[in-house]
Amino acid sequence: MKEQGREFDFFEQEVGLLDTVGTRAREIIGQDCSMVSACVARPYPLVVDRAKGSIVKDIDGREYIDFVAGIAVMNAGYSNPDVKAAISAQLEKMVHCGYGDFFAEPPLKLAKKLRELSGYSRVFYCNSGAESVEAAMKLSLWKTKRQNFIAFYNAFHGRTLGALSLTGSKVRQKEHFPTIRTVHTHYAYCYRCPMKLEYPSCGVECAKQIENLIFRRELSPEDTAAVFIEPIQGEGGYIVPPQEFHKEVRKICTDNDVLLAADEVQTGCFRTGPFLAMENFEIRADITCLAKALGAGLPIGAMLADRDLMDWPPGVHSNTFGGNLLSSAAALASLEFLEKENTENHVREMGAHIRQRLRELQENFPCIGDVRGLGLMIGAEIVKPDKSIDPARRDRIIKEAFKDGILLLPCGDSVIRFSPPLVMTDEEADLGFDKFEKALKRAVR
Ligand SMILES: Cc1ncc(COP(=O)(O)O)c(C=O)c1O
């Protein structure tokens, strides 16, 4: 039996990259791979140690400019003083109470802030994105007494079995697992229109398919509990649809009396400018899921809806850690910090700046086929000369960038994502892009 199989795989695959990290990093990776489940996939050998703002230091003291933010989590920046103070104060008092059984002030204060920011009158707390999606699925099943869902190709909603049923991006992760019936349909991926049409003359035909095709041939509205949608597809490739797409989906749901659930796990908490990304599209979903950035690095998820929808009785759904005191205190401090720092404007300006830098690079590097994004959720799609996807080159660029001290992550089939902490400064972004350009040059040679 190859007890350390994954370790050898990683070391064999990443020989060049492992030379760029220090001895402590190599030691930790070796041990980690022999003890921790190999089902997670790491793109490069980063062993973190500490971080501040938008800068991460590895275990051997090497510094990286972070365009990843712990997968769109550290919106208020690493080691944020306000968040640290709130966590320390709560730590002195109490960490956990079993909020499913008792009452406490920190989750209530957070609920008030979430109501103020989102307009939803009810919140259900959990611990992760997948769990908030599961809660939204259960609420829609419970409310409608229907059994099926509609979701989108390229969607990502998590890896627990319910959320995985909605996920349409990671085919590999769906192998061998049972699903709740979900019919998938086209998202507005205009750079690679699945219907071979062009926006705006297409009239967002992709959205209209729900009514024209699915409701007629696959799944009646009377049997559809909810449509689950990401405002911008995240793991599926940072795909930004036109506003009309969301408007059409919203209209179809309203006309057919089907619930619309927005998965804002990645897009929420000011990532795209406003608190919720759906605000960019002037859409209000019936249910909204939050997690990731909400807890500023501590685990928390939240499912939001109005009182008339979230009127399920005691005992229908609950958990042990939802509303955890430490996570709630961190979340409130982070949201207050982001509000007070006028994050919405900074995100818009910094997002425009990063997209501009990418478009300038696009002129000299035709492998950057498409640059898209809203706020600080930005994707660069890497393509071959004939515009087909080029995942091998994409991965090479990310690895070269790592060597130069830049943290990037892939998403979709062939996309590099830029989702830095929302507090990233102009200087950090520019230095990051100077380094990124060098990495690009080497990767396209
Ligand atoms: C849109 C979306 N929904 C759900 C999830 C799942 O969140 P978690 O990994 O916290 O379960 C993710 C994670 O990337 C996500 O991007």
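I started at V56, whose bridge partner in β3 is Y64. I see 3 bridges joining β2 (residues 55-58) to β3, and the two strands run antiparallel. I'm counting strands as paired if DSSP finds at least two bridges between them. My helices (H or I, at least four residues) and strands (E, at least two) are DSSP runs, numbered from the N terminus.

Before going on, I note that this is a predicted model, where local features need pLDDT of at least 70, side-chain atom pairs count only at pLDDT 80 or more, and totals for chains, interfaces and linings use all residues. My residue numbers start from 1 along each chain as its sequence is written.

On to β3 (residues 63-66), which I find paired with β13 in the parallel sense over 2 bridges. D66 stands opposite L407 in β13. I then wrote down the strand order: β1-β2-β3-β13, an open sheet of 4 strands with mixed pairing. β1 (48-52) and β13 (406-407) are at the edges with a single partner strand each, so one side of each has no neighbour in the sheet.

I looked up another open sheet of 4 strands, ordered β11-β12-β15-β14, with antiparallel pairing. Its edge strands are β11 (368-374) and β14 (409-411), each pairing on one side only. I get an average twist of 30 degrees from one strand to the next. For angles, I use axes that are lines fitted to C-alpha atoms, for helices over the stretch in contact, and values run from 0 to 180 degrees between N-to-C directions. β14 pairs with β15 (residues 415-418) in the antiparallel sense, over 3 bridges. I have C411 standing opposite V415 in β15.

What lies across this sheet? I find α13 lying across β11, β12 (377-382) and β15, running at about 175 degrees to β11.

**α13 on α15**

Next I followed α13 (residues 343-364) to α15 (residues 426-444): they pack at an angle of about 20 degrees, with axes 11 Å apart. That makes α13 roughly parallel to α15, where I take under 35 degrees as roughly parallel, over 145 as roughly antiparallel, 65 to 115 as roughly perpendicular and the rest as oblique. I checked which residues meet, taking contact as C-beta atoms, placed from the backbone, within 7 Å. M350, H353, I354, R357 and L361 in α13 meet D426, A429, F433, E437 and L440 in α15. I sort this contact into 6 nonpolar, 1 polar and 3 charged residues. My classes: Ala, Val, Leu, Ile, Met, Phe, Trp, Tyr, Cys and Pro are nonpolar, Asp, Glu, Lys and Arg are charged, and the others, Gly among them, are polar.

**α5 on α12**

I find the axes of α5 (residues 81-93) and α12 (residues 325-340) coming within 8 Å and crossing at roughly 155 degrees. α5 and α12 are therefore roughly antiparallel. D82, V83, A86, I87, Q90 and L91 in α5 meet a set in α12 that includes L325, A329, A333 and F337. By class I note 11 nonpolar, 2 polar and 1 charged residues in the contact of α5 with α12.

**α10 on α11**

I have α10 (residues 205-218) packing on α11 (residues 243-255) at about 10 degrees, with the axes 8 Å apart. That makes α10 roughly parallel to α11. C206, A207, K208, I210 and E211 of α10 make the contact with F245, E248, V249 and I252 of α11. I count 6 nonpolar, no polar and 3 charged residues in the contact of α10 with α11.

**Ligand shell**

Last stop, the ligand. How many residues surround the ligand, and which are closest? I get 14, with S128, G129, A130, G158 and V265 the closest; a residue is near if its C-beta atom, placed from the backbone, lies within 6 Å. α7 (residues 129-144) gives the most to this shell, with 3 residues.

How values were computed:
Two residues are in contact if their C-beta atoms, placed from the backbone, lie within 7 Å.
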